[in-house]
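Visitor: I have a chain to look over with you. Could you walk me through a few of its sites?

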Amino acid sequence: MTYLEIEGANQLSGKVEISGAKNAALPLIVSSILAKNEVNISNVPNVADIKTLIHLLQNLGTKTEFKNHNLVLDTSSLNKTIAKYDIVRKMRASILTLGPLLARFKNCEVSLPGGCAIGQRPIDLHLLALEKMGANIQIKQGYVVANGNLKGAEIIFDKITVTGSENIIMAAALAQGKTRLINVAKEPEVVQLCEILKEAGLEISGIGSDELEIYGTNGELLEFKKIAVIPDRIEAGTYLCAGAITNSQITIEKVIPNHLNAVLSKLNQMGFESLIQKDSITLFPAKEIRAVEIITSEYPGFPTDMQAQFMALSLKAKGTSIIDERLFENRFMHVSELLRMGADIKLNGHIATIVGGKELNAADVMATDLRASSALVLAALAAKGTSRVHRIYHLDRGYENLEHKLKILGAKITRLEE
Ligand code: UD1
């Protein structure tokens, strides 16, 4: 198995380009199920989750071509409606195929994704919404078996759910009549999905707010325009943390700075100034890294996908930081690994108390989920000595060329085989 060897306690410098957002690309790729024409998507990150989804769509009969971050999808040949467990189990976001498959073919079977390292992650809200739209849903042998003609409905999401919102937006696009969605996620990835569907001819209003109105086409497929995936705000935030944890000056390029407001504001509270330009951000070293309080929440709040990285960063801060994880019940898998590097962290339910300022020492650590893995890489960049981060297939799910990009910034990092 491959692992990363990182020699820490070195400063970084220079510029790094941010890739397209994995979490934006996933629903955009799935939305090709709603298209009558070939769909062209550029700036698609070359990461494992994207390849898994492409594989799933191919398995359903879609023709695809993926080269140089450009993806072409032709779903006119899509003729199967069973999303198999073998593929879905590799990536929970495969559940995004449920809404569009059902809307287009009136029946489908999608394997239940199951829980994952960060928690149970139910999909009850996706299913309730589809039922409200007239779908008949049963769970059979681990599969969601759905059929029916979808009709517009008024749906109030009990909780804000990102993929749940995306699933139902795509289902509503081909449904018969008007769907009103209340308490919809406002993440930039959801907004981009709405925008491309609008460009494809869908009548949709309220984009960017928590209430959407969608006039379904009653089964008529949409004519897609060219799509360019938005930059990955989580990858961008992770590189900002790499600069911060090594107290270096670095620049991230090809970003939408607005999408990073919550992250930049926390970095600022911790003592880091930044220069924000149209599509780049330069982070400057702090005179003193200050402790911080973080509560994760939905966009535009502080993203749970940046929680682990900020925990690593708070290890370098003077004083005690508090992190309150409100979205996922088990998203502290990185803590036990950070402890092995000399961190002082106490957990009480969903609240972590981090006493910063202790010296971090290199260690062998194990990645457990995507963002936890990046926190371990960050800690290794700051720790004295040579660390090894194992099970990096988690990192490869969502970070394109991580070690190459960190090398550009001057990090001493190598990918090796066990
Ligand atoms: C998406 C992101 C993930 C991010 C998360 C929260 C993708 C592919 N993944 O995941 O990186 O960490 O948003 O920003 O975009 N919930 C229910 N019932 C449901 C659905 C969700 O109770 O039917 C709960 C979840 O358990 C969680 C909360 O709602 O506590 C938010 O989850 P959700 O927004 O659905 O996360 P994902 O869309 O899976």
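Visitor: Where is D305 placed?

Guide: Happy to start there. This is a predicted model, where local features need pLDDT of at least 70, side-chain atom pairs count only at pLDDT 80 or more, and totals for chains, interfaces and linings use all residues. Residues are numbered from 1 along each chain as its sequence is written, and side-chain values use heavy atoms, with hydrogens and water left out. Taking helices (H or I, at least four residues) and strands (E, at least two) as DSSP runs numbered from the N terminus, D305 sits in the loop between β18 (293-295) and α10 (307-314).

Visitor: Is D305 buried or exposed?

Guide: Buried means under 20% relative accessible area, exposed over 50%, and partly exposed in between (1.4 Å probe, protein chains only). The relative accessible area of D305 is 16%, so D305 is buried.

Visitor: Which residues does D305 contact, leaving aside neighbours within four places in sequence?

Guide: Contact means heavy atoms within 4.5 Å. With those neighbours set aside, the partners of D305 are N23, I234, R331 and R371.

Visitor: Why does R92 count as buried?

Guide: R92 lies in the loop between α3 (85-88) and α4 (98-105). R92 counts as buried because its relative accessible area is 17%.

Visitor: Which residues does UniProt list under "binding site"?

Guide: UniProt positions follow the numbering used here, feature names are shortened, and annotations may be inferred rather than shown by experiment. The unreviewed UniProt entry places this feature at R92, R121, P122, I123, D124, L125, D305 and L327.
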